[in-house]
Amino acid sequence: MIDQYGREITYLRLSVTERCQLRCTYCRADEGVCPKAEELSAEEFERIVRVMTRLGISKVRLTGGEPLLRKDILEIVARVGSLPDLKDLSMTTNAQMLAGKASALKSAGLRRLNISLDSLKPDVFRKMTGGDLQLVLDGIDEALAAGLVPLKINVVVVAGMNDGEIDDFIALTRSRPLDVRFIELMPIGDQGRNAGRRISNQDLLRERPYLQALPPRYPGQPSSDYQMPGYQGRVGFISPISHQFCADCNRIRVMSDGMLRPCLGVDRQISLKEALAGDDEGLLELIRRVIYEKPIGHAFQSCSGSERNMSRIGG
Ligand code: SAM
């Protein structure tokens, strides 16, 4: 459906849990998460998405927290993935638990994966995230073997941490169907910790004039895409700060506790829980209203950002 500013809203980010086993320095503020007991069920997620497809949502990305921490993740994928009007189902994961699950996810109906990977050096990776780099690398190999392609690797660039590894990440795109995307650090739930640590994507690009610009894979995609001549994968730059893309934003978010959030960067959200107790028509009307009133844009420039961190909202 079309919102009050004329944007067509087609894309849902569905956070299935706020729980995460990693502690990325720039992401998780010291706050509690929605307890497991309050997370919506696989059936409730399916119902919300089914109603949303009637309003034109055709793409869903499962996220969190860490979606693979849900014991019923295959059921969620299967239920949402089998909705007839859904064209694309993907997932964002830290890949700590991906090895051993990639082909089951694919068979359940998952089409594509985005994997977060902030460093190719085991010690830096552990320092930035608290996780194990080898598990991510194993997960990437399995995802490629399972056919979850194009596989996208998301790198949040943080000054003084991983900003010296840009070319190592670009080298990953040489011979496998992998896209690497550099994401600008956003002022979300960080209580000021991220201030001064953002590297502008415009600077990374200026330093690499040999990257060739490519047309977007699909309209309204958040990244500007490039390629190293002769390489197989793409290099994307997602620049919410230096190149705001709110005018083309086509997405809304549902959090694991049933809060519907029309904009990542504005702390305005409505609970769907009461409406879930009623019939589909009431649920549809509530969602229609929230989509229509989606804010014109985020407030990151003024640095007011969002109070909730990404692991709570669903990145
Ligand atoms: N656990 C999954 C993962 O790690 O991919 C999904 C959730 S995570 C919150 C989604 C993405 O948000 C990750 O790529 C993470 O690096 C990114 N992210 C978290 N906080 C961010 C921030 N302040 N600025 C930019 N990206 C952020």
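**Note on the predicted model**

1. Proline 150 is found in the loop between helix H5 (133-146) and strand E5 (151-157); helices (H or I, at least four residues) and strands (E, at least two) are DSSP runs, numbered from the N terminus. The peptide bond that leads from valine 149 into proline 150 is cis, and its omega is near -5°. As background, most peptide bonds are trans.

2. On the basis of the note: this is a predicted model, in which local features need pLDDT of at least 70 and side-chain atom pairs count only at pLDDT 80 or more, while totals for chains, interfaces and linings use all residues. Residues are numbered from 1 along each chain as its sequence is written, and side-chain values use heavy atoms, with hydrogens and water left out.

3. Alanine 95 lies in the loop between E3 and H3. Its phi is near 65°, a positive value in a residue other than glycine. Most residues other than glycine have a negative phi. Alanine 95 counts as buried because its relative accessibility is 0%; buried means under 20% relative accessible area, exposed over 50%, and partly exposed in between (1.4 Å probe, protein chains only).

4. Alanine 99 is also placed in the loop between strand E3 (88-93) and helix H3 (102-108). With a relative accessible area of 38%, alanine 99 is partly exposed. Leaving aside residues up to four places away in sequence, alanine 99 touches Asp138, Gly139 and Glu142, where contact means heavy atoms within 4.5 Å. From alanine 99 to isoleucine 57 the C-alpha to C-alpha separation is 30 Å, and the two are 42 residues apart in sequence.

5. The largest nonpolar core has 72 residues; such a core is a set of buried Ala, Val, Leu, Ile, Met, Phe, Trp, Tyr and Cys residues joined through side-chain atoms within 4.5 Å. Val60, Leu62 and Phe182 have the most contacts inside this core. Another core, of 13 residues, lies apart from it, and includes Cys20, Val124, Val158 and Leu185. Residues touched by valine 60 include Tyr11, Val49, Val80 and Leu89, not counting residues up to four places away in sequence.

6. Strand E8 (residues 223-227) is mostly covered, with four of its five residues buried. E8 pairs with strand E7 (residues 212-213) in the antiparallel sense over two bridges; two strands pair if DSSP finds at least two bridges between them. In this pairing glutamine 212 stands opposite glutamine 227. E8 and strand E9 (residues 235-238) also run antiparallel, joined by four bridges. Here aspartate 225 stands opposite glycine 236.
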